[in-house]
Number of protein chains: 2
Amino acid sequence: MSDTSPRRRSGGRAARREARSRPLDAAVRPVRPGLPGGWYKPLSAQDVVRINDAALDALEQIGLAKAPPSAVEILTGAGAVQGNDGRIRIPRGLVEDMLARAARGITLCARDPAHDLKLTGTNTHFGTAGAAVHMVEVDTWEYREPTMQDLYDAARIVQALDNVHFFQRPVVCREFEDNAELDLHTLYAACAGTSKHVGTSFTEAANVPACISLLHEIAGGEAAWRERPFVSNSNCFVVPPLTFAEESCEVMEACIRAGMPVLLLSAGQAGATAPAPIATAVVQAVAECLAGVVYVNALAPGHPAVFGTWPFVSDLRTGAMSGGSGEQALLTAACAQMHQHYGLPGGAAAGIADAKLPDMQAGWEQAISNVMAGLSGLNMIYEAVGMHASLMGFCLESLVLGNDMLGQVQRCVRGVEVREEFISIDVMKSVVLEGPGHYLGHEQTLRLMQTEYIYPEIADRSSPKEWVEKGQPVLLDGAKARKAAILESGKHLFSPDLDASLVARFALRDLQRGPF
Amino acid sequence: MSDTSPRRRSGGRAARREARSRPLDAAVRPVRPGLPGGWYKPLSAQDVVRINDAALDALEQIGLAKAPPSAVEILTGAGAVQGNDGRIRIPRGLVEDMLARAARGITLCARDPAHDLKLTGTNTHFGTAGAAVHMVEVDTWEYREPTMQDLYDAARIVQALDNVHFFQRPVVCREFEDNAELDLHTLYAACAGTSKHVGTSFTEAANVPACISLLHEIAGGEAAWRERPFVSNSNCFVVPPLTFAEESCEVMEACIRAGMPVLLLSAGQAGATAPAPIATAVVQAVAECLAGVVYVNALAPGHPAVFGTWPFVSDLRTGAMSGGSGEQALLTAACAQMHQHYGLPGGAAAGIADAKLPDMQAGWEQAISNVMAGLSGLNMIYEAVGMHASLMGFCLESLVLGNDMLGQVQRCVRGVEVREEFISIDVMKSVVLEGPGHYLGHEQTLRLMQTEYIYPEIADRSSPKEWVEKGQPVLLDGAKARKAAILESGKHLFSPDLDASLVARFALRDLQRGPF
């Protein structure tokens with residue numbers, strides 16, 4: 001208030017204009033990680049209760065097959081019953097007890113605490129996930145095998161994109177024949193490229209110890225790791241319908257013991273491994289994840305876990321997966337409501353394109369499910385960017401474009417603010433009765449320009465005339481340029497010393513690194 | 001039940017498969033015109049009341065300028081007050097009286113009654129609107145002037161697209177220098193190409209009589225026209241902020257007297273001709289349309305009118321319109337809630353791309369606002385397909401692709417059915433405990449394949465391998481082929497006699513007609 005420095009006083013229009021062109025403080029940006037959703041509810045309150053009831057029935061009456069010995073011990077020890085058919089059936093009282101123990105309002109930490117994800121209420125976070133076995137090359141339309149370099153580059157790109165909030169490893173590095181090497185290098189490349197929360201998925205329990213050692217060294221010791229675990233593990237602990245996945249269960253137990261948050265992932269496919277009706281597919285996914293909640297909390301009460309109902313859709317004409325369908329968007333949004341019913345941190349998949357290339361089809365497929373997931377208040381929106389060919393292909397140009405799409409999606413999640421100033425007709429009165437008859441240049445308009453409106457980085461809003469004058473820029477060219485610029489400057493996020501030590505200790509392969 | 005014909009009995013799998021490949025009856029298609037929305041509410045109940053209050057304040061305290069003499073007479077005759085500043089101010093009691101008179105649950109007729117639009121509750125209908133001054137050529141990227149032929153072709157394409165429910169004239173036929181000729185030919189080309197509901201916008205009141213004569217002849221006489229008026233007129237009766245548009249008001253009065261439903265269109269642009277805050281832009285649009293409701297119902301109580309709050313968004317960096325923004329999607333969805341508050345049939349704009357071409361940007365821009373408009377339960381979703389460059393360009397290939405996008409959007413609007421069969425775990429039990437362990441080929445899966453799931457016509461869902469084997473088909477090529485096929489076979493919908501009579505009587509220019 002008492003600032004009378006010449007600089008301040010010489011301000012006026014030019015200074016205000018200069019101020020508006022500066023990057024915005026995260027606190028006043030129109031969108032940010034964690035915006036609360038919940039505006040959209042595909043299920044009625046009664047539907048939610050009925051789905052919960054049916055899921056509890058399924059656990060009591062059908063149960064899950066093929067529990068590994070450790071899971072049998074943990075689950076029956078808690079009160080589940082193994083039948084003569086070998087299936088583990090879970091009484092509803094046990095589910096309710098374990099729900100009472102389950103961790104709520106968890107934070108998924110990031111190496112940079114500014115990127116922590118607070119999974120409370122209907123807070124929404126958008127990120128990548130996997131595990132594509134192809135990279136999509138936009139110039140040659142080639143679907144080729146991904147490498148560690150691709151994963152590292154993807155991580156550095158995500159690091160640069162404001163509207164992508166976490167990095168679950170989107171691709172499988174196909175140059176590794178040995179799973180232990182794959183798991184180590186995946187972790188290294190992801191953490192070297194981004195300080196946002198990282199998700200991975202270990203292939204075998206035997207690989208976990210070395211990976212945890214790597215994480216301890218990155219964190220600066222086991223205590224530091226356990227205080228702020230910045231990597232979570234995605235566990236496909238069930239093979240729908242209602243069957244445990246032995247290896248993944250063992251991995252999960254190892255992760256939990258190492259203090260790593262887990263994603264309890266049930267990935268059925270409606271019409272194939274899950275029931276064809278959308279509602280029943282949700283029932284099955286919820287039942288499976290509730291079994292996971294019992295499992296985790298019987299082993300380690302309150303261990304951070306994400307309720308990962310990820311039902312997918314089959315194109316029932318072919319049995320193939322269709323992640324870009326309207327049915328997929330409904331499945332995901334309905335799951336978000338179930339998570340909210342339990343008050344548990346939850347995640348599901350949205351933003352998948354069936355399109356092979358980043359074309360118009362990809363745009364509408366990715367957008368419909370992302371905006372519905374966001375409006376429904378899904379905490380963790382996995383697969384939100386870059387995914388093509390129903391999860392078979394990952395595309396870096398699409399990732400960069402997806403950041404613009406997610407900006408618009410997140411603006412929608414933020415919603416319509418109806419605060420006192422915005423419901424007052426004072427500005428209208430002054431503009432219409434006394435003023436210029438339009439709102440251009442009005443103090444309120446200028447003030448809201450950057451805090452209420454979000455602008456794309458690559459997407460083009462010019463008029464046809466301007467577009468021709470600019471030489472008719474093509475969307476993909478803009479994406480390629482932005483990708484190249486990020487990869488040119490995107491930092492390697494380990495210090496040279498730490499990096500050298502990790503490479504030596506874990507015999508890591510070489511990588512074309514960004515600047516340290 | 002007693003059908004024992006050999007044909008029926010020889011059925012089995014092949015017959016069932018054949019039955020599944022037949023086109024579905026409209027009644028069992030997974031989507032259809034008029035699906036109810038309302039799942040998504042960007043405004044709280046209190047917000048809605050506050051916006052209504054502010055709009056009534058604006059009408060009482062600010063009022064509208066530049067009413068033409070006829071409007072002054074009609075409005076002051078009903079109880080509005082003209083101030084010394086010439087503005088017409090409307091007491092809230094008068095607004096409430098006229099709201100009580102206003103037509104509700106109206107049907108916008110189509111020449112083919114199967115395409116009638118029933119605007120009740122949260123029923124949703126998606127269609128085109130205008131008025132682009134360019135056609136977008138996808139091969140040359142040219143933005144060229146549209147002709148009557150383009151309009152006619154667009155109408156024939158819309159006629160063939162299941163998920164596009166009405167045809168408001170999307171382009172201005174630029175070869176006509178005389179407005180009277182433009183209005184006549186626009187009407188002729190639209191009605192010759194589609195039997196769905198047609199929207200137009202007459203340029204001057206003087207042109208209305210000839211156009212109405214044309215409609216009488218198409219309908220088979222004035223009485224038939226008045227019984228089922230199959231064309232509505234879009235009236236930009238206000239120039240925001242809060243100023244009447246004299247010519248458009250005169251056109252509207254002429255249309256009302258001729259028995260034509262009207263669209264009361266307020267098209268402000270937030271940050272330019274409307275306030276920058278989203279909520280206040282809605283307040284202004286609602287105020288303007290309420291003035292329209294008073295105007296229409298004072299002139300002709302209960303005359304069918306669509307409450308057309310169409311607030312647009314400015315890119316505040318440039319002042320240019322941005323129809324593809326998240327802010328636009330929020331504005332439109334919030335308006336739908338206001339329409340529902342008044343219980344009036346309502347319409348607004350969604351589906352606009354700022355992208356110049358049907359690329360990935362176009363896909364996400366069109367999809368975000370369309371799905372939010374549908375989920376919000378907007379009765380008339382104008383501009384839903386084919387629109388590029390912030391309404392400057394219309395693209396026939398994009399129109400064809402948009403039909404696939406709208407199919408997915410409409411599937412989302414249909415929602416998650418939670419009926420008894422879908423909440424039962426019986427199928428799950430039989431598949432898991434007794435059956436094959438998967439749902440492929442299950443009777444329920446096959447039964448729901450076509451009634452619960454919607455499939456795209458052009459969008460590609462094949463795997464990368466299949467896609468390569470098919471020669472890597474490009475999305476736009478599919479759109480071009482579909483467009484060509486429709487234009488090849490798309491019928492001219494007047495009989496040769498009627499057509500010849502119209503051409504002679506109204507001196508209509510020549511057209512490359514589809515088959516009679």
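Helix α12 of chain B, residues 326-342, has 17 residues and reaches 25 Å from its first C-alpha to its last, close to the 24 Å expected at 1.5 Å a residue; helices here are DSSP runs of H or I with at least four residues, numbered from the N terminus, and the expected span is 1.5 Å times one less than the number of residues. This is a predicted model, in which local features need pLDDT of at least 70, side-chain atom pairs count only at pLDDT 80 or more, and totals for chains, interfaces and linings use all residues. Residues are numbered from 1 along each chain as its sequence is written, while chains are lettered from A and ligands numbered from 1 in the order in which they are written.

Because 15 of the 17 residues of α12(B) are buried, the helix is largely enclosed by the rest of the structure (buried: 20 or more other C-beta atoms, placed from the backbone, within 10 Å of the residue's own). Just after α12(B), B:Gly343 takes a positive phi of about 70°.

Leaving aside neighbours within four places in sequence, B:Val282 is in contact with B:Leu331, B:Ala334, B:Cys335 and B:Met338, among others (contact: C-beta atoms, placed from the backbone, within 7 Å).

The two chains also meet: 100 residues of chain B are in contact with 100 residues of chain A. Helix α13 of chain B, residues 360-376, gives the largest share of the side of chain B that touches chain A, with 11 residues.

Terms used
Helices (H or I, at least four residues) and strands (E, at least two) are DSSP runs, numbered from the N terminus. A residue is buried if 20 or more other C-beta atoms lie within 10 Å of its own, exposed if 12 or fewer, and partly exposed in between; C-beta atoms are placed from the backbone.
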